[in-house]
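The sequence and structure come before the text.

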Amino acid sequence: MKNKYIICNHKNNFTLNEIIRYKEELDKINTNNVNFIICPSFLYLNMFNNYKLGSQDISAYDRVITGEVSAKELKSLNVSYSLIGHVERKIFLKENYLFLNQKIKQANNNNIKVIYCLSELEKNIDNAKRVLKEDLDNIKNNLLEDAIIAYEPKWAIGNESNLDFEYIYEIINYISSLVSNDIVYGGSVTSNSITQLLKCHNINGFLLGNSSLNIDELNKIITLSTKYD
Ligand code: PGA
């Protein structure tokens, strides 16, 4: 059995002082029994160079553009994964498939593994299957075998009371019938919800937002996820 992925997505939550304190606390806990990947803000990537690194985004372009962060720059910081297609970027920054495919290609060309986020907006199982298949069809030509699929229903992100485990199992099993890639689940993963989520054998790990910001909670999640291997 492979170690479960625990992928921490900090988003843009931390100020400099906060991230310094966070790093000190993180270094005290044991992350070795899971496949631990940390995706801090671009600003702080190099502070976490004793961990496996993921970026929260990647430039779609292989040219000079002010403010962009290129795959080449990320590679030089030893970034080995990149989150692509997070639903917040799809909604607020209107990222479309043309753009997402370019990002995937940039990651592939620079040996950065893709963590591709799949998400439906509404909690409706039939509609979700259609939307997720369409999403996968749009990028599958560029998706390599070592890419990770992160299923993160929008309705579950930051909303633990809304979790519906049977629904999530059904969708994860559906995605695993479409692709052979590793699949992780994200959306209100906490030390409370993880035991139920681990019952689904097609879940190879977790993408954590809020829970990754608190070291005690993160530590609990890591410990629990090794118990069920
Ligand atoms: P959450 O976020 O764990 O806070 O629900 C997950 C994500 O958006 O990646």
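Glu88 counts as partly exposed, because its relative accessibility is 28%, which falls between the limits of 20% and 50%. The values here come from a predicted model. The side chain of Glu88 meets that of Lys11 in a salt bridge, with N and O 2.8 Å apart. Lys11 lies in the loop between strand S1 (5-9) and helix H1 (16-26), and Glu88 lies in helix H3 (residues 87-92), so the pair ties together parts that are 77 residues apart in sequence. A search of the whole structure gives twelve salt bridges, this pair being one of those found.

**Salt bridges around Asp57**

Which residue meets the side chain of Arg89 in a salt bridge? The partner is Asp57, at 2.9 Å from N to O. Arg89 belongs to helix H3, whereas Asp57 sits in the loop between strand S3 (52-55) and helix H2 (71-76), so the two tie together parts that are 32 residues apart in sequence. Arg89 is partly exposed, at a relative accessible area of 24%. Asp57 has a relative accessible area of 11% and is therefore buried, the cut-off for buried being under 20%.

Asp57 also forms a salt bridge with Lys103, and here the closest N and O atoms are 2.6 Å apart. This pair, too, links distant parts of the chain: Asp57 in the loop between S3 and H2 and Lys103 in helix H4 are 46 residues apart. Both Asp57 and Lys103 are buried. Through shared partners, salt bridges join Asp57, Arg89, Glu95 and Lys103 into one network.

| Salt bridge | N to O distance |
|---|---|
| Lys11 and Glu88 | 2.8 Å |
| Arg89 and Asp57 | 2.9 Å |
| Asp57 and Lys103 | 2.6 Å |

**The largest pocket**

Helix H3 supplies three residues, the largest share of the lining.

**The barrel and its helices**

The strands form a closed barrel of eight, in the order S1-S2-S3-S4-S5-S6-S7-S8, with parallel pairing. On average, neighbouring strands of this sheet are turned by 25 degrees against each other, direction ignored.

How many bridges join strand S5 to strand S6? There are four, between S5 (residues 113-118) and S6 (residues 148-151), and the two strands run parallel. Tyr116 has Ile149 of S6 as its bridge partner, and Leu118 has Tyr151 of S6. Ile149 and Tyr151 point one way from S6, while Ile148 and Ala150 point the other way. These four residues of S6 are all buried.

Helix H5 (residues 125-139) lies across S5 and S6 and runs at about 150 degrees to S5.

Lys133 is found in helix H5. At 33% relative accessibility, Lys133 counts as partly exposed. Leaving aside residues up to four places away in sequence, Lys133 touches Tyr174 and Leu178. The C-alpha atoms of Lys133 and Asn219 are separated by 34 Å, and the two residues are 86 apart along the chain.

**Two asparagines with positive phi**

Most residues other than glycine have a negative phi. Asn78 has a positive phi, near 65 degrees. Asn78 is placed in the loop between H2 and S4. Its relative accessibility is 62%, so Asn78 counts as exposed.

Asn111 likewise has a positive phi, about 55 degrees, although it is not a glycine. Asn111 lies in the loop between H4 and S5. With a relative accessible area of 63%, Asn111 is exposed.

Key
Residues are numbered from 1 along each chain as its sequence is written. This is a predicted model: local features need pLDDT of at least 70, side-chain atom pairs count only at pLDDT 80 or more; totals for chains, interfaces and linings use all residues. Side-chain values use heavy atoms; hydrogens and water are left out. Two strands pair if DSSP finds at least two bridges between them. Axes are lines fitted to C-alpha atoms, for helices over the stretch in contact, and angles run from 0 to 180 degrees between N-to-C directions. Contact means heavy atoms within 4.5 Å. A salt bridge is a side-chain nitrogen of Lys or Arg within 4 Å of a carboxyl oxygen of Asp or Glu. Buried means under 20% relative accessible area, exposed over 50%, partly exposed in between (1.4 Å probe, protein chains only).
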